[in-house]
Amino acid sequence: MTTQIQTMRTVAGIINSVQTLEGEGMLVRRPFPKSSFTDFDPFLLLDEFGPVDVELGKAKGAPDHPHRGFETVTYILEGRVEHKDSQGHAGKLSAGDVQWMTAGAGVVHSEMPDREFARTGGRVHGLQLWVNLPRRDKMMKPRYQEIPSAKIPTAQTNDGLVKVKVIAGEALGAKAVIETQTPIMYLHFTLQPDAIAVQPVPKEYNAFIYVLDGEGLFGAEKERAGDGQMVLFAQDGEEVAIANPSNAKSPLDVLLIAGVPLNEPVVRYGPFVMNTEAEIIQAIDDYRNGRMGSIDF
Ligand code: FE
């Protein structure tokens with residue numbers, strides 16, 4: 001009898017994105033949620049908006065809307081987004097910047113293309129991830145972490161073939177500056193052709209990859225996935241393997257996102273994600289009666 005120590009995670013499935021329109025009509029690719037795949041504990045949603053060339057004066061965004069019970073993580077790759085919220089925060093996100101917003105008990109915010117950008121048009125590309133909050137944090141005071149691109153740690157292998165931007169967690173010796181409520185890993189890897197990255201991911205984490213550009217080979221069995229696909233890993237090892245084949249014509253750009261499952265009931269209704277129906281009814285009531293505030297500046 002032999003005991004095999006499985007360290008490299010295998011692939012549990014490949015998920016295709018659906019195209020949908022959000023806010024005022026921004027085209028997004030969404031691997032989840034959908035009816036056949038509602039969430040991947042602790043993650044509730046992933047949207048890739050663009051890349052799309054916005055015509056002159058036609059930039060779309062998401063006007064005032066509420067959130068309660070989870071976190072929204074916005075990562076801009078191209079273009080500029082302006083945001084405002086009921087806590088009195090306002091800011092602009094440009095290429096490479098990240099906003100980690102812990103909605104907690106509730107905020108009302110707007111996410112719009114910046115005014116000048118809306119006038120001139122241009123390319124918009126970015127991502128939004130929803131991270132669920134554990135019961136103990138759902139009603140916490142809202143919190144914002146806004147990290148400009150220059151402050152997001154990066155690292156690369158000695159041969160320069162693998163580069164990583166560390167938005168949350170740790171990779172290639174670099175540690176994120178963003179603090180998360182529960183352990184989360186959010187890494188943006190870029191691999192040149194013929195490069196392999198092996199990222200440690202603790203066994204208790206749920207882990208997935210979203211392919212932004214190119215086509216790669218993933219997991220112990222080298223499953224193929226490309227642009228717009230999500231690779232789900234089984235919880236059967238402590239490393240995730242990413243490879244860009246030697247015959248690839250372009251770099252492989254992926255997000256590796258992982259987190260410890262909450263294992264709590266998820267009751268969601270649009271922008272509210274709670275543990276019970278009663279808490280959702282309360283959230284709707286609080287929002288309708290202005291208890292999440294409004295944007296009045
Ligand atoms: Fe929002």
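A: Helix α2 is followed by G290, a residue with a positive phi near 75°. Helices here are DSSP runs of H or I with at least four residues, strands are runs of E with at least two, and both are numbered from the N terminus. The model is predicted, so local features need pLDDT of at least 70 and side-chain atom pairs count only at pLDDT 80 or more, while totals for chains, interfaces and linings use all residues. Residues are numbered from 1 along each chain as its sequence is written, and side-chain values use heavy atoms, with hydrogens and water left out.

The helix itself covers residues 277-288, 12 residues in all. From its first C-alpha to its last, α2 reaches 17 Å, close to the expected 16 Å; the expected span is 1.5 Å times one less than the number of residues. Its buried residues are I280, A283, I284 and D286. Buried stands for under 20% relative accessible area, exposed for over 50%, and partly exposed for values in between, with a 1.4 Å probe and protein chains only. These four cover an arc of only 165° around the axis, which puts them on the same side of α2; the arc is taken over the directions from the helix axis to the C-beta atoms. Strands β25 (267-269) and β26 (272-274) are included in what covers the buried residues. On the face turned away from the buried side, α2 carries the exposed residues A278, I281 and R288.

V240 is found in β23, residues 239-243, and counts as buried because its relative accessibility is 0%. Contact means heavy atoms within 4.5 Å. Leaving aside neighbours within four places in sequence, the contacts of V240 are M8, R9, A197, V198, Q199, V201, I209, F233 and L256. S246 is found in the loop between β23 and β24 (252-259); at 55% relative accessibility, S246 counts as exposed. Not counting residues up to four places away in sequence, S246 touches P193 and D194.

D194 has a backbone feature of its own: a positive phi near 70° in a residue other than glycine. D194 is found in the loop between β17 (184-191) and β18 (196-200) and counts as exposed because its relative accessibility is 54%. L172, also not a glycine, has a positive phi of about 45°. The place of L172 is the loop between β15 (170-171) and β16 (174-175), and at 41% relative accessibility L172 counts as partly exposed.

Cis peptide bonds come next. One joins F32 and P33, with omega about 5°; P33 is in the loop between β3 (26-32) and β4 (43-54). Another joins D41 and P42, again with omega about 5°, and P42 lies in the loop between β3 and β4.

F32 also belongs to a cluster in which ring pairs link F32, F37, F40, F43 and F208. Rings of Phe, Tyr and Trp (its six-membered ring) pair if their centres lie within 6.5 Å; planes under 30 degrees apart are stacked, over 60 edge-to-face, and the rest tilted. The structure holds eight aromatic pairs. One of them, F70 with W130, is tilted, at 4.4 Å centre to centre and 35° between the planes. F70 lies in strand β6 (residues 70-78) and W130 in strand β11 (residues 122-132), so the pair ties together parts 60 residues apart in sequence. Both F70 and W130 are buried.

The last item is the metal site. The iron ion is coordinated at 2.1 to 2.4 Å by NE2 of H65, H67 and H109 and by OE of E111. Donors are N, O and S atoms within 2.8 Å of the metal (3.2 Å for Na, K and Ca); water is not among the atoms, so sites may look incomplete. Along the chain, the donors follow the spacing H-x1-H-x41-H-x1-E. H67 in strand β5 (residues 62-67) and E111 in strand β10 (residues 107-113) are 44 residues apart, a pair that links distant parts of the chain. H67 counts as buried at 2% relative accessibility, and E111 counts as buried at 15%. The angles among the four donor atoms run from 82 to 178°, and the site is irregular. Four donors count as tetrahedral if all angles lie between 85 and 135 degrees; four count as square planar, and six as octahedral, if opposite donors are over 155 degrees apart and all others between 65 and 115; anything else is irregular.
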